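Please walk through this fold with me, one contact at a time. Keep the sequence beside the coordinates as you read.

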Amino acid sequence: DKSARSKFEVVKRFDEDAAIQIRMETFTGRKHQVRRHAAEGLSRPLFLDAMYWKSNSKNLATVATEDHLPDIIARLSEESSRKDDKERFFLHAASLRIPKLGIGVEAPLPSWWQDVEKELS
């Protein structure tokens, strides 16, 4: 296993820490690095990330009732379970930089994510 290094900071806390928003900077480019570090390093897997949520012994179909999550998160969890939508989870690359190639791009949060944030606030 190759090592991977990330730095994180908590940006926002929602509903008494039922959910947190973090900013993570990666210094290596390993497959699933952010997802794995959130789940294993922080013990906070990305919400709706079926691959790494399982590593925390939680089933996405039951997480809403077990964790008493806010209504909008519970709805997203239920919708995801019904649709078998394994690709929609809370991970967003706000910026990507590849200095050697002179590439730098930024992207706003998706509108559905902004709706979730508003309801949680």
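R36 and E40 form a salt bridge, with their closest N and O atoms 2.9 Å apart. This is a predicted model. Both residues sit in helix α1, four places apart, so about one helical turn separates them. An α-helix has 3.6 residues a turn, so residues three or four places apart point the same way. R36 is partly exposed, at a relative accessible area of 35%. E40 is partly exposed too, at 44%.

Now turn to the buried residues of the helix. Helix α1 spans residues 33-41, and Q33, R35, A38 and A39 are buried there. What do the buried residues of α1 pack against? They pack against β1 (6-14), β2 and α2 (50-53).

The side chain of R35 meets that of D49 in a salt bridge, 2.5 Å from N to O. R35 belongs to helix α1 and D49 to the loop between α1 and α2, so the pair ties together parts 14 residues apart in sequence. Is D49 buried or exposed? Its relative accessibility is 0%, so D49 counts as buried. R35 has a relative accessible area of 14%, and buried means under 20%, so R35 is buried as well.

The search of the whole structure finds five salt bridges. Among them is R97 with E106, where the closest N and O atoms are 2.8 Å apart. R97 is partly exposed, with a relative accessible area of 48%. E106 reaches 61% relative accessibility and therefore counts as exposed.

Next, the backbone around α1. Most residues other than glycine have a negative phi. H32 is not a glycine, yet its phi is positive, at about 60°. H32 lies in the loop between β2 and α1. With 24% relative accessibility, H32 counts as partly exposed. Just after α1 comes S43, with a positive phi of about 55°. S43 is not a glycine either. S43 is found in the loop between α1 and α2. Its relative accessible area is 49%, so S43 is partly exposed.

Move back to strand β2, which covers residues 19-26 and contains Q21. Is Q21 buried or exposed? Q21 has 18% relative accessibility, so Q21 counts as buried. Leaving aside residues up to four places away in sequence, Q21 touches E9, V10, V11, K12, F14 and E117.

The largest nonpolar core has 13 residues. Which of them touch the most other members? They are F47, L48, L76, F90 and V116. Helix α5 (residues 111-120) gives the largest share of this core, three residues.

Which strands each supply at least two residues of the patch? They are β3 (95-98) and β4 (103-106). At 45% relative accessibility, V105 counts as partly exposed.

Follow the chain on from there. P110 lies in the loop between β4 and α5. P110 has 28% relative accessibility and so counts as partly exposed. From C-alpha to C-alpha, P110 and H92 are 8.4 Å apart, while 18 residues separate them in sequence.

Finally, consider confidence. The protein averages a pLDDT of 77, and 71% of the residues score at least 70. Where is confidence highest and where lowest? Confidence is highest in β4, at 96. Over residues 55-65, pLDDT stays under 50. For that stretch, the model has 22 contacts beyond four places in sequence.

Technical notes
Residues are numbered from 1 along each chain as its sequence is written. This is a predicted model: local features need pLDDT of at least 70, side-chain atom pairs count only at pLDDT 80 or more; totals for chains, interfaces and linings use all residues. Side-chain values use heavy atoms; hydrogens and water are left out. Buried means under 20% relative accessible area, exposed over 50%, partly exposed in between (1.4 Å probe, protein chains only). Contact means heavy atoms within 4.5 Å. pLDDT is the predictor's confidence in each residue, from 0 to 100. A nonpolar core is a set of buried Ala, Val, Leu, Ile, Met, Phe, Trp, Tyr and Cys residues joined through side-chain atoms within 4.5 Å. A salt bridge is a side-chain nitrogen of Lys or Arg within 4 Å of a carboxyl oxygen of Asp or Glu.
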